[in-house]
Amino acid sequence: MADFTLRIRRYDPESGEAPYWDEHTIDLEPHRSVLEGILQAKARFDGSIGIRCSCRAAICGSCGVRINGQPGLACHTHLDKALKGAKDGIIEVEPMGNMPIIKDLIVDMDAVHWKKVQRVTPWLINKLPVPEREYIVPHENMVDVTQSMACIQCGACVSDCLSMEVDPLFIGPAALAKAYRFAGDPRDAQQEERIRDLAEDPHGIYDCTHCFKCIEACPKGVAPMSQIMRLRRIATRTHHIVDRNNGERHESAFVTLVKDHGLLWEAELLPRSHGGDSFFGKFMPKAALELVDSLPVIAKGLLRRKVTLGKSILPPKDLPKDARAEITSIFEKVDDRGELRELNLYISGYDEDLEGAETPSASAAAGAQGQTSAESGQPGMTPEESPTR
Amino acid sequence: MPEHDVLIIGAGLAGQRAALAAAEAGATVAILSKVHPVRSHSVAAAGGINAAISLDDRWESHAYDTVKGSDFLGDQDAIEIMCREAPGEVMHLEHIGVTFHRNEKGEMDLRAFGGASMKRTAYVADITGQAILHVLYEQLMKHHETVDRYEEWFTTSLIRDEEGACVGCVARNIRTGEMETFRAKGTILAQGGAGQCFKPTTNALICTGDGIAQAYEIGAPLMDMEMIQYHPTTLVENGFLITEGARGEGAHLLNADGERFMEKYAPNKMELASRDVVSRAGQTEINEGRGVGPDGSGIALDITVVPKKRVLEALREIVNIGKDFAGVDITAEPILIRPGQHYIMGGVKTDVHGQVPGVPGLYAAGEVACVSVHGGNRLGANSLLDTLIFGRRSGEHAAERAKTMPAPSVGNDQLKADVARIDSIIARPREGRRISEIKDELGTVMNRYVAVFRDEAGLAQAHDTVRRLKEEARTAYIDDRGTVFNQDVLGAIELGYMLDVAEAIVVASLERKESRGAQFRTDFPERNDDEWLKHIDISRNGDATPQVSYSPVTITQWQPEERKY
């Protein structure tokens, strides 16, 4: 047993008072959860502390909060680990962000999260005819969508989504992961309609800034951002959707620039995003407009030395020969692979059986998995997941 | 006053399935739950759902396994219905989008489960309950125009009219504190079990027996309440569930000598005997000094014998649970488990349409109910099936019944009474005990005396304690005086529910003087079909102590026989 002090953000909507901090010292084994700490404080000292909770085992998704500023489930965070992240030896627990607070640690998920889920037509639209028995579908596809099915709708990813902070209308990580659950389901009849809808929506799949926050926040390894990237890949590769948000062209600008130069050429990015990979693209009126729009940002970047004039305007310097060759071979390898094999939590390159096998997909899996493993609970990125926007 | 043909209280699998079925049958429907539907405890069901969908399987085989698992206390007419309708129900789930695991041919894959004579458990990794629950909720979102959802509403009472029919309920909007009377032609209880009467339990904090107690309160009979399932594999650390799917995939149970001790208890089925048998075996090993761990209080569950790839793909959730809650990598080393409270076979007595005898208009489905398809012991992966089959049947029946009757008239007497009750709880002086203390004592006592092994003396001790706690609960105080999300006052009401349910459990356990299924009396260690092949019903009138009566077990084609695994 050890003593831990919790500093809990309190808010009583009936009091007319502003939110305040409330401290309680609880006594639990270090590997017990922050939720158990809060429940002890509630049981012993103050039954009025508000927090939603039910299963205690990271399955029901009720107890999403911020602990020391990081979103997650209170039941899924050990006290000793939380203490390590504490600024002053006191574990801080706050309600999640991006959603209105109802009381103490309880936020209004209906107003934000569930509204967005409802936005993505969150039910299967059956391919017809519906078979008498089950649909016969590939094993891999079902395992694949099971990753987004593993989402428990806790809202941790919504809480700290940076895009949503800037654009509250952004459909957001949880709802888009839910969208992939249908778009990736071979039994669904409307993959193209769904994807087109999400690509054309100015607050849809191209609104994600690829910041990884949601992947970090997710307690279930759903990796919402990876699901968003999958939606983008289906949009561009499978359905060739050229969207009005310029998402498709922007993404392809990245790819062609790296393919041509080995490195990104910032000055070319904007024209190519509008006019495509051609000389005349530079003269697209829209590109000029956006260039003018972006001038203050560019100026700021230069002033703060985030970019240098040389790097951003001139074409990238030549890479050593073998580096160029390697980049080219990556492109060739990816292009050769007709079918895109996606990795996820359940289909991982982690297992020895897979690593030992000499199939292209397995070796790609092992390589791409890199930073991930079952320990981290985070699925890997595929090679195609280059940063865009 | 909201008014519907069918009112469903509880939004787990049984409640959501009932809502969809009733709406499809043309009824106006309200579904009301004290938590958001996807937080319901059905979400924690891991291993799968049983159905004889394999071409070489027959529903009769599934039914026989269920009857045998129930130690012949299950009603065979109900079991036949459940098992016959199972394949259709599972196909329906598949069609609305459940991502069932496929085999290499792309057909639904099946895994082995306890007490089953062949592989017949369909699954989604080890998040089957979650997958089904979320898919049903997708359907509720799809049908948002025909099903009114009241999420985070807490039911305080059921309402009976002068003729004794159930005509709705009173509930509190947790977000605002507003109280409301819901009027309905039919009311379906679907609030799940009462695991929180025990500590530890695999059950969520919301499983406080609300529906069982509310029905009991208005005079409905409870049945098989003594039948409490202890799951063989719960974490020693904190009582969390490790799915039976682990043993279904081939994991072993080992004692301190490294012996697969199930050889002694169930030489044929080994780890896949029925849960009551495996739990008793594990508890015996612990009691006789062959337990594992620092204080010998556990059993080793060895999942390392299952190929790692298979574990990562099909048992992902328990990999996480092992890592997060016990600090163990189950793919590399055994994990310490022991039997722990998991499920209540008993509940509100119903017929095969979910109707509660003696209370027209009242239905119950799922863990809150006792049809009885589980009898003395539920087979793993039959609970999801029970919720869906009888949830659907209740919804359909209630919808049809509603077509034949006018809307009932309901006054606001109960509303006033409930408002006054809540006000009085909030106003209690800080003199008695804390709610949390009473709940802790209840759980500890129940888990000590009303567990895997029971006897007269222990049960009598539990009985005395529960009655004392009921007295103490009348004056127990709370801290929260507010209206918005006052979880404290709801906790006080839930405590009352738990105490009522616990009393019924203890009384029924004392009553059954034999050992059958989950009820093992060390003072009556044999099954006694001559005297006890019958259900124990518990009911009450007003504040009187529980009344015991008996009802016969329905036997169709399987005569009781000695049970061997």
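Student: What joins strand β10 of chain B to strand β18 of chain B, and how do they run?
Tutor: In this predicted model, 2 bridges join β10 (residues 222-223) to β18 (residues 534-539), and the two strands run antiparallel.

Student: Which residue is the bridge partner of B:Leu222 in β18(B)?
Tutor: That is B:Ile538.

Student: What packs on the sheet there?
Tutor: Helix α5 of chain B, residues 210-217, packs on it and touches β10 and β15 of chain B. The direction of α5 makes about 40° with that of β15(B).

Student: What order do the strands of that sheet come in?
Tutor: The order is β17-β15-β10-β18-β19 in chain B, an open sheet of 5 strands with mixed pairing.

Student: And why is one side of β17 and of β19 left without a neighbour in the sheet?
Tutor: Because β17 (369-370) and β19 (547-552) of chain B stand at the edges, each has a single partner strand.

Student: Switching to chain A. Which strands is β1 joined to?
Tutor: β1 (residues 2-10) is joined to β2 (residues 20-28) by 9 bridges, running antiparallel. β1(A) is also joined to β5 (residues 91-94) by 3 bridges, running parallel.

Student: Which residues of β2(A) and β5(A) face A:Arg7 and A:Ile8?
Tutor: A:Glu23 in β2(A) stands opposite A:Arg7, and A:Val93 in β5(A) is the bridge partner of A:Ile8.

Student: Now both chains. How many residues are in contact?
Tutor: 54 residues of chain A are in contact with 56 residues of chain B.

Student: Which element gives the largest share on chain A's side?
Tutor: α4(A), with 6 residues.

Student: How does that side divide into nonpolar, polar and charged?
Tutor: The residues of chain A that touch chain B divide into 29 nonpolar, 15 polar and 10 charged.

Key: Residues are numbered from 1 along each chain as its sequence is written. Chains are lettered from A and ligands numbered from 1 in the order in which they are written. This is a predicted model: local features need pLDDT of at least 70, side-chain atom pairs count only at pLDDT 80 or more; totals for chains, interfaces and linings use all residues. Two strands pair if DSSP finds at least two bridges between them. Helices (H or I, at least four residues) and strands (E, at least two) are DSSP runs, numbered from the N terminus. Two residues are in contact if their C-beta atoms, placed from the backbone, lie within 7 Å. Axes are lines fitted to C-alpha atoms, for helices over the stretch in contact, and angles run from 0 to 180 degrees between N-to-C directions. Ala, Val, Leu, Ile, Met, Phe, Trp, Tyr, Cys and Pro count as nonpolar, Asp, Glu, Lys and Arg as charged, and the others, Gly among them, as polar.
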